[in-house]
Each structure stands twice: as structure tokens, then as C-alpha cells.
Amino acid sequence: MPTHHDDLETRPADAREADLMSRLPALVAHAQRAGGFWAEHLVGVDPAQVTSRAALARLPVLRKHELLQRQQASRASGGDPFGGLATIGWRGLLHARGARRVYQSPGPIYEPEGEAPDYWRSARALTAAGFEAGDLIHNAFSYHLTPGAWIMEAGAHAIGCTVFPGGVGNTEQQLAAILDLRPVGYCGTPSFLRILVDKAEAAGVALPIHKALVSGEAFPPSLRDWLAQRGITAYQAYATADAGLIAYETQAREGLVLDEGVLLEIVRPGTGDPVPDGEVGEVVVTVFNPAYPLIRFGTGDLSAVLPGTCPTGRTNTRIRGWLGRADQTTKIKGMFVHPSQVAEVLRRHPQALRARLVVSGRMADDRMTLRVETTLTDDHALRQTLAHTLREVTKLRGDVELVAPGSLPNDGKVIEDARSYD
């Protein structure tokens, strides 16, 4: 069984960083030139200057709701259904090579699939999970509308596996096929794998599956151990329909290792500002995909960078995995308050280091308190000024509490809804 997918995984970290930085200018220039959206989104940006993480951090973050709005507006006007983000289309659209497939994700958001082998880069995650050439894989991701099943299938083919397209549902029929064909591997959600195991146990038979790559939902250690007790070693992959594979688990079971085709930033929710390593924030990725370039794409997921490198010899950055959602928009007294508004309050007051808006009270009696980390915890004037800015930005009254640096939890929350709904 191969230890690593390729030599890129074990190259020196500084060599990887230099490679990523050297590729950034060409990616930005390609996106500006080929995708109508990017020419507007990155107007005034000189690609030749985007050669460092600091320069990248000055570019705007593209968040998923903005991508959806762009696509909707473009389709409403009879334009490009991808909203000008893709560099490929079909029937001569965009005057470029055509997409092999088009997918629909909730929204709806439409994603193209280009012609590159292992287009979504999932082969790396499959290799880390122990899959190898000649394996038969039961693929229980959906083949309908969304790209989940195709993401895994492309990677499986890239490493020489054969795939049974099980899809979702029809549990009894899928179980019968597994017992007939005896696949050694499974791709799909962890919850459906458990359903299959439960069904098999109820029927008094054992599944031939002994390795799995799961994704699409949380994979708690308790379920991992439950599967292991039944002879199935399962690892998780973190992927999205827009970006493809972002990170994957290894046999070390110490966080998730970044894919080699992704440049990751962790930013403070509601902003584009990178946070220090170890602090929880929103996952923002730049994906080196010429067919569908994504530059500072905000996934909406929370995670944090882990220190050190993977014991398996992989030298890329590791993240803690999925830690929740970054979009903490909350309705308070009938008005929406966004994380970006909390960030705006901070921006106006350099003495404020971090902040957390806590919403408390009972239904119809909302109260909000802005807890602010600062070295000036006894500064009454700062407290009053912050309260005034909070009201100006949110149009709501709130209290301000000044706390010492390091007092707020490191969980990525900018807005905490602590109301009682009893």
C-alpha cells in the first residue's frame, strides 16, 4: 500500500510556500482575463504584486452568498449561468473548452467540472485512507444533481480503483449488492455507513468493507471507534462542491492535512483579516484550478491551524477539522446583526483587540453585551465610546464589558446567542 500519494506531500514546507506564492500572480491574471466576475471583483489589482500572503490578504474575500447572488443576477439577465466565475462553459459559452458536467448545489449554485483527471483532487485523500489500485469501492454519495459522488469517483479512478455507483437510499438493494460484489472500500456519509452496518448485523451477516473515506457531515470519534470495532477503518475528507478537496485525515488521526492544490487562510468571521495560527476563524481558500479559479473563497466553515507537521511525514499545514459555521448572523429585537458589524466596531477602536457580542434574555426581551478584550479594562471613556459605536453600527443599544486579553473563548464565535427560548 502506498504511504503517500506523491512527493509533493513530503517536500520541505518552505519549498511548498515558495511554489504557492510563485503561482499566485498567474492565477490572478488568468482569472481577471478569462472570468468576467473576476475582472470586476479584482479591479485595480496588479497580479504581479500578489506574491505574498500579505498581498493576498489585501484582496477581497468572496463568500458563498455573494457567489449565489452573482449567479442569480447573471442568469436573470440571460448571461453566464456561472456568473462569470468559471473560465469554461458549453456550446461555445465563454469561447473556451466546454465543461464535462455541470452540477447544482443548494441555492441553487451551479458548478462546472472540467476535463482534468482527478478534477476535484480527491485521490490524495483516498490514498491517505488506504485505498489502492484494484480496490472495488462502494460509492454511496449522491449521483443526482450534486457533485459528491463524482468527486470521489474521479479520485478513485485516478488511483486505479473500480467504483460501484450505489448512490443514496435503497438500503436493502445496496446491501444486497455489497454482499454480492464484496467491495473492500466505501465512500459516502458516515451515517449511511452505520445504517448499512446495522442492517447487515440485523440480517446476521458481516460487511466485506474494511476501509472507508467519509465526508459530508460530522464524523465524531465515537462513530469512528464504533466502526473500528466492526473491522472498518474510516477516515474523513473535508471537501466542498466549489473548491473540491480542501483537507484530509491521515493514519495519525491528528487533524486534517491540507491538499497540495489549496492555499488556506483562517480569517476572523465577518472580515478578511487572517488570525494568528491556533485561533479559530473562517476557512478561506484559494484554489489553483484554471477551469474554476477561486481566489480567497470563504467557505463559511470554522477551523484553526494546528502547530507542527503530521507524524506520517506529510509537511503541509494541518487544521483541526470542522468546528462550526462562521455565519453567525443573529436577529436581535427584529433586526439582523452580522459578524461584519462587530468587526466594524473593532476597526474603529484600535484599543479593542477582540470582541464577542453576547445576546441574552428571553423571547421578546433581547439584551446584547459587547465583550471586548483590551489592556484598558478600567477605561470608562473607552467603554462609553464603544457603546456609542455599537449603537451607530447596529442601530441597537447594548452594554459594553471590557475584559483582559485572552479572556474570550477561542471558538471562532463573534456573536453568541445565549437567549432562553423556554
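Angles under 35 degrees count as roughly parallel, over 145 as roughly antiparallel, 65 to 115 as roughly perpendicular and the rest as oblique. Axes are lines fitted to C-alpha atoms, for helices over the stretch in contact, with angles running from 0 to 180 degrees between N-to-C directions. Helices (H or I, at least four residues) and strands (E, at least two) are DSSP runs, numbered from the N terminus.

The model is predicted, so to speak of its limits: local features need pLDDT of at least 70 and side-chain atom pairs count only at pLDDT 80 or more, while totals for chains, interfaces and linings use all residues. Residues are numbered from 1 along each chain as its sequence is written, and side-chain values use heavy atoms, with hydrogens and water left out.

I begin with two helices. The axes of α7 (residues 171–181) and α8 (residues 190–202) cross at roughly 75° and come within 10 Å; α7 and α8 are therefore roughly perpendicular to each other. Taking contact as heavy atoms within 4.5 Å, α7 contributes T171, E172, Q174, L175 and I178, and α8 contributes F192, I195, L196, K199 and A200. Classes are assigned as follows: Ala, Val, Leu, Ile, Met, Phe, Trp, Tyr, Cys and Pro are nonpolar, Asp, Glu, Lys and Arg are charged, and the others, Gly among them, are polar. On that basis the contact of α7 with α8 has six nonpolar, two polar and two charged residues.

On a 1 Å grid over the protein atoms alone, a cavity is a set of points where a 1.4 Å probe fits but cannot get out; a pocket is an open set with protein on both sides within 12 Å along at least five of seven lines; lining residues have an atom within 4 Å of a point. Grid points are joined across faces, edges and corners, and a volume is the space filled by probe spheres set on the points.

The largest pocket has a volume of about 1200 Å³. Its lining has 43 residues, with S215, G216, E217, Y238 and A239 nearest the centre. Which element gives the largest share of this lining? That is β8, with five residues; α6 (148–158), α9 (221–228), β8 (233–240) and β13 (294–303) each supply at least two. By class, the pocket lining has 21 nonpolar, twelve polar and ten charged residues.

There are two cavities of 30 Å³ or more. The largest cavity, of about 150 Å³, is lined by 17 residues, and R268, R354, A355, K413 and V414 are the closest to its centre. Two or more lining residues come from each of α10 (339–347) and β18 (354–362). The second largest cavity holds about 40 Å³, and its lining includes W120, R121, D242 and N289.

Finally, the backbone. Most residues other than glycine have a negative phi, and most peptide bonds are trans. Here the peptide bond from G107 to P108 is cis, with omega near -5°, and P108 lies in the loop between β2 (101–105) and β3 (109–113). D118, in the loop between β3 and α5 (123–128), has a positive phi, near 50°.
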